[in-house]
Amino acid sequence: MKKNIILAGVGGQGILSIAAVIDLAALHSGLEIRQAEVHGMSQRGGAVESHLRIADREIHSDLIARGTADLVISVEPLEALRQSPWLAPSGRLVTAMEPVVNMEGYPRIEAVRRSLLETGAPILIDAQQLAEECGSRRASNMVVLGAAAPFIGIPPERLEAGISELFERKGADIAEMNTRAFRKGLEASQQQAASPEGPPTNAMT
Amino acid sequence: MERQLLLGAEAAALGAIDAGISGVYAYPGTPSTEITEFIQHSPAARNRGVRAAWSTNEKTAYEEALGMSYAGKRVLVCMKHVGLNVAADAFINSALTGVGGGLVLAVADDPSMHSSQNEQDSRVYGKFAMIPVIEPSNQQELYDGVRHAFQLSESLSLPVMVRLTTRLAHSRAGVVPKEPEPERTLPAADALPSAERFVLMPVNARRQYARLIGLQRDIEQLAECSWLNRMVEGTASTGVLAFGIAYNYVMEVREAFDMDFPVLKTGQYPLPLGAAQQLFNQCDSVLVAEEGYPVIEELLRGFFGNGQVLGRLDGTLARTGELNTDIIARALGLEPAPAAPVPEIVVPRPPELCRGCGHRDLYLALNTVMAGHPHDHVFSDIGCYTLGALAPFSAIHTCVDMGASVTMAIGAAEAGLRPAVAVIGDSTFTHSGMTGLLDAVNRRSSVTIIITDNDTTAMTGGQNSAATGSRLEAICLGLGVDPLHLRTIVPLKPRLQENIAVISEEIAYEGVSVILARRECVERAAKRNRNT
Ligand code: SF4
């Protein structure tokens with residue numbers, strides 16, 4: 001087993017929490033882990049990405065080569081596209097669809113969606129909306145993680161345990177809310193994957 | 001012991017704690033910051049009373065570390081590559097004095113300039129100082145390597161450099177720690193280093209320099225048999241000499257393409273000559289894979305070239321930027337997996353000042369004032385406010401090194417440029433701006449220095465600043481700034497007109513004026529609220 005995962009988003013959106021949950025789950029599964037983070041300048045609302053590799057054998061490189069990622073997990077649609085060159089031909093892309101518009105020239109969201117649909121069986125999630133249903137928009141990153149869960153190669157229960165471990169110091173209710181968000185994302189993802197039409201194309205227009 | 005998931009920077013920190021350090025001295029700088037932060041938050045370090053506070057700059061940090069080492073204790077000093085320029089005076093001289101307790105300098109380079117002004121290679125400094133340098137290739141090696149560096153430092157009585165690069169410092173992997181060592185005890189008075197070593201007046205310095213030269217053989221020998229260097233056997237006619245983290249990319253290529261080329265992995269400098277000789281004898285050509293400058297490649301190629309050597313100098317590898325698997329694969333004539341291009345509609349998303357950041361309101365006021373002057377260029381420094389160079393503000397026009405805003409404004413003012421305005425943060429001002437301000441006062445320069453006091457070192461994540469608030473005022477007054485031209489503004493929207501007026505008045509004054517633009521960083525405020 002070996003998974004190359006790219007995490008993408010905008011500085012401050014919580015992609016490092018997604019990474020931390022996968023890391024914990026992988027650690028407790030006895031897997032090797034390499035996870036390259038972004039710190040410093042680029043975090044101030046700029047584009048950020050993290051390379052995460054897990055395997056049941058030695059991992060050499062901290063960075064994933066272009067065209068070899070099994071999975072791109074993004075919390076922002078344009079950032080998902082920015083990372084699409086990393087996807088392997090058989091790779092999957094999972095992204096939240098709420099745009100973060102903090103610069104000039106953000107393309108029309110419909111064009112972004114069309115482009116995303118060309119990346120091969122993407123899972124497109126209205127993550128903030130689902131997170132809000134669970135209690136807070138801040139948990140939208142866990143919705144996205146849930147949506148990506150079927151493709152990570154670690155059982156969802158392990159990931160849930162990782163969420164509890166990561167959030168428990170912030171209180172049991174916060175941990176529970178994030179777990180609910182995770183399950184919501186997982187459910188939405190399974191529905192989408194099972195639906196013959198694939199991702200809905202009318203939302204967010 | 002149990003496997004822990006650590007950033008490279010954290011693995012280095014844990015290695016130092018377990019080596020029994022009594023202190024860490026540092027100035028924050030990406031990608032080195034997390035080393036010191038980890039020690040500050042470590043219960044083990046806290047229980048032992050390990051000193052772990054931020055120094056005013058890298059030079060003071062290095063000298064403080066040297067003092068602790070003089071007193072017989074083990075000590076770590078950390079900085080980023082450009083910080084070593086600031087500490088260089090102390091660093092080079094410490095190779096002559098030697099050390100007492102082990103002194104390890106962890107320095108983090110930033111190839112590709114993810115968060116830096118240049119991509120200088122600290123190994124050059126290590127060679128310049130003629131001390132051993134180690135460059136581990138992964139987090140476990142980093143943990144073990146730092147402990148190894150302390151032993152090396154004490155056995156040679158020299159400082160030892162541990163070089164990290166961005167990916168190693170900021171990548172997480174499993175690390176298994178080993179049994180920790182106890183802290184050193186304070187030596188008896190007669191066991192402290194002698195004045196003949198530490199008083200670097202010419203008669204002593206010459207002797208100490210001869211000692212350093214004399215040690216070079218030993219240092220080479222130690223590198224030759226270091227566990228950080230080893231040979232990966234192979235049969236292909238092109239071999240690879242791989243340093244530090246480059247080794248990982250090379251091994252990734254070896255696995256992904258199912259190749260059988262020999263690799264000499266090197267993690268301790270100087271170069272293990274015997275092993276390198278063997279690789280060169282065995283292979284028709286050797287790719288030198290090192291992150292940063294072509295330091296070793298240049299050495300091997302020599303003045304008249306050596307056709308056997310491939311690397312950054314002959315264009316086999318790009319001259320700049322960090323390495324990765326694809327780059328190494330191409331250098332070896334392999335074709336990496338095809339990858340689609342980034343879709344055309346994807347536009348860049350540069351970093352920006354946080355919403356609600358006081359710097360925004362300062363730049364709004366400053367831009368309005370400067371628009372009324374034919375010369376509207378502003379000298380800036382390094383911190384969050386450097387982001388004012390980008391749209392929509394485009395408010396600043398220089399950013400060279402810590403402190404250069406003040407001194408460049410002085411030079412420009414003396415050239416006749418008016419107004420000559422500098423923007424510098426509270427932490428950067430104490431780091432290197434104070435001495436420049438003293439120059440301005442002594443020379444009665446016509447400059448306006450805006451100190452953006454946000455109560456923290458924000459860019460690196462909110463470390464304590466050496467002086468903010470009323471202490472900043474006291475420093476400026478103490479340096480001789482006229483109290484009438486030491487003004488304070490609060491950069492807030494409703495105060496825009498007021499702030500425009502203050503800046504205009506001080507710019508009109510032919511002399512040194514300082515404006516303290518004081519408002520807490522919103523990120524810091526949020527963190528403070530979370531913690532209370
Ligand atoms: S971190 Fe603080 S100083 Fe930096 S941009 Fe944000 S609010 Fe401004």
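**View 1. A five-stranded sheet in chain B.** B:F243 has B:T266 in β11(B) as its bridge partner. This is a predicted model, in which local features need pLDDT of at least 70 and side-chain atom pairs count only at pLDDT 80 or more, while totals for chains, interfaces and linings use all residues. Residues are numbered from 1 along each chain as its sequence is written, chains are lettered from A and ligands numbered from 1 in the order in which they are written, and side-chain values use heavy atoms, without hydrogens and water. Strands (E, at least two residues) and helices (H or I, at least four) are DSSP runs, numbered from the N terminus. Strand β10 (residues 238-243) of chain B runs parallel to strand β11 (residues 263-266) of chain B, and four bridges join them. Two strands pair if DSSP finds at least two bridges between them. The sheet is open, with mixed pairing and the strand order β9-β11-β10-β13-β14. Its edges are β9 (230-232) and β14 (309-310) of chain B; each has a single partner strand, so one side of each is left without a neighbour in the sheet.

**View 2. An eight-stranded sheet with strands from chains A and B.** The strand order in this open, mixed sheet is β6(A)-β5(A)-β4(A)-β1(A)-β3(A)-β2(A)-β8(B)-β1(B). From one strand to the next the twist averages 20 degrees. β1(B) runs antiparallel to strand β8 (residues 171-175) of chain B, and four bridges join the two. B:R172 in β8(B) is the bridge partner of B:L7.

**View 3. Helices α1(B) and α2(B).** Helix α1 (residues 8-18) and helix α2 (residues 33-41) of chain B pack at an angle of about 50 degrees, and their axes are 8 Å apart. Axes are lines fitted to C-alpha atoms, for helices over the stretch in contact, and angles between N-to-C directions run from 0 to 180 degrees. The two helices are therefore oblique to each other; angles under 35 degrees count as roughly parallel, over 145 as roughly antiparallel, 65 to 115 as roughly perpendicular and the rest as oblique. In contact (heavy atoms within 4.5 Å) are B:A9, B:E10, B:A13, B:L14 and B:I17 in α1(B) with B:E34, B:I35, B:F38 and B:I39 in α2(B). These residues divide into seven nonpolar, no polar and two charged. Ala, Val, Leu, Ile, Met, Phe, Trp, Tyr, Cys and Pro count as nonpolar, Asp, Glu, Lys and Arg as charged, and the others, Gly among them, as polar.

**View 4. Helices α5(B) and α10(B).** The axes of helix α5 (residues 81-97) and helix α10 (residues 202-224) of chain B come within 7 Å and cross at roughly 85 degrees. That angle makes α5(B) roughly perpendicular to α10(B). B:A95, B:L96 and B:T97 in α5(B) meet B:A205, B:Q208, B:Y209 and B:L212 in α10(B). Five residues of this contact are nonpolar, two are polar and none is charged.

**View 5. The ligand between chains A and B.** Around the ligand (a heavy atom within 4 Å) are A:R44, B:L353, B:C354, B:C357, B:H359, B:C384, B:N454, B:A458, B:C521, B:V522 and B:E523. This shell has seven nonpolar, two polar and two charged residues.
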